[in-house]
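Colleague: Could you walk me through a few features of this model? I would like to learn how to read them.

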Amino acid sequence: MALQAGIAAIAAWLLSHELTGNPNPVFAPLAAVGTLAVSVGQRVRRIVELVVGVALGVLVGSALLSVIGTGPWQLGLVVVLSILTAFALSSRAAVVIQTASTAVLITTLGQQTTNVELTRFVDALLGGAVALATAILLPVNPLRVVRRAAGPALRTLVEQLTETAEALCERDIERAILARTRLRGNQEELRVLREAVAGAREVTRLSPLSWRYRHGVLSHYARTAEPLERAMGSSGTLIRRAVTVIEDKEPVPAAMIDAVRGLAEAVRTLHDEFAARSEPHEAQAKALQAVHRAGAAYKNDIGFSGTVVLAQIRTTASDLLVASGLSQADANERVRCAFGGLPDPS
């Protein structure tokens with residue numbers, strides 16, 4: 001990423017200097033680096049937002065400059081109107097920011113620098129084009145990007161499921177509550193994973209050097225994002241109900257604890273197999289083993305919340321199987337069989 005940004009800044013500076021005759025180009029390198037700095041996968045959209053935002057800023061700033069002139073209150077009015085105009089056309093934060101910042105530049109520099117509007121617009125086009133060309137010719141490794149993003153989300157799920165199993169074993173209510181709280185804080189990790197998967201797809205579409213990554217492990221990660229998010233939600237319900245199991249002093253059979261531990265191990269194995277670029281067969285087997293233990297626990301004397309915990313083990317395992325590459329129907333059928341043919345507790 002750093003190398004890409006450095007090369008893009010140099011190329012954008014040289015192009016702007018040579019094509020526009022600007023002795024000290026600033027906007028083009030900023031546009032190039034700013035485009036590359038956003039999450040991989042957002043770059044094409046970022047370029048469009050950049051150009052649209054600059055165009056709106058030039059339009060609003062130039063129009064108002066000719067009517068109201070310059071000054072502190074004029075500057076404030078330009079910013080307000082440019083933001084309102086951008087919001088009316090797009091809710092994208094990048095468009096709004098570019099519109100406002102460009103309008104500020106036009107208002108403050110328009111009377112001191114000639115052709116600042118044209119320079120700003122051309123530099124936005126040049127910087128965006130250079131950034132896109134750099135991303136295509138010198139692409140980041142999409143697998144590395146996705147692995148780096150998937151790791152924290154998967155580790156969080158493993159850790160909190162493991163903590164929940166130990167909390168059930170020890171009937172430690174504080175430990176269970178802490179696991180619940182920590183799992184709730186994983187939204188940023190999931191957002192990063194979704195953006196990384198989108199970025200990997202973009203890179204493999206645009207760059208011929210990355211076409212070989214279109215299938216295989218990258219497709220696994222692409223399938224993982226949505227079902228993993230569902231698994232996080234199901235696990236959150238599981239942990240909340242585990243807290244209630246402890247609070248209400250419901251029975252906790254050993255098979256229930258083993259099932260939660262097995263679910264955590266299935267997630268860990270799924271991550272390891274993806275990282276090793278291997279088919280996640282072991283993760284599938286471990287997920288189904290966890291469901292089988294849940295089925296054994298269901299035959300014991302358990303309370304209402306314990307029943308919900310077992311139901312969420314089934315649901316989470318199904319999501320993990322989908323993340324591993326199975327269809328939803330196939331995953332559900334395997335989970336039913338592994339549970340032991342009993343009715344769905346939910």
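Modeller: Gladly, and let's start with burial: buried means under 20% relative accessible area, exposed over 50%, and partly exposed in between (1.4 Å probe, protein chains only). This is a predicted model, where local features need pLDDT of at least 70, side-chain atom pairs count only at pLDDT 80 or more, and totals for chains, interfaces and linings use all residues. Residues are numbered from 1 along each chain as its sequence is written, and side-chain values use heavy atoms, with hydrogens and water left out.

Colleague: Is threonine 164 buried or exposed?

Modeller: Threonine 164 has a relative accessible area of 0%, so it is buried. It lies in helix 7 (residues 142-170); helices here are DSSP runs of H or I, at least four residues, numbered from the N terminus. Contact means heavy atoms within 4.5 Å. Not counting residues up to four places away in sequence, threonine 164 touches Ala179, Leu238, Ile239, Ala242 and Val260.

Colleague: How do helix 11 and helix 13 pack?

Modeller: Two packed helices are described by the angle between their axes and the distance between the axes. Axes are lines fitted to C-alpha atoms, for helices over the stretch in contact, with angles running from 0 to 180 degrees between N-to-C directions. Helix 11 (residues 254-275) and helix 13 (residues 304-323) pack at about 15°, with axes 11 Å apart. That makes them roughly parallel, a label for angles under 35 degrees.

Notes: Helices (H or I, at least four residues) and strands (E, at least two) are DSSP runs, numbered from the N terminus. Angles under 35 degrees count as roughly parallel, over 145 as roughly antiparallel, 65 to 115 as roughly perpendicular and the rest as oblique.
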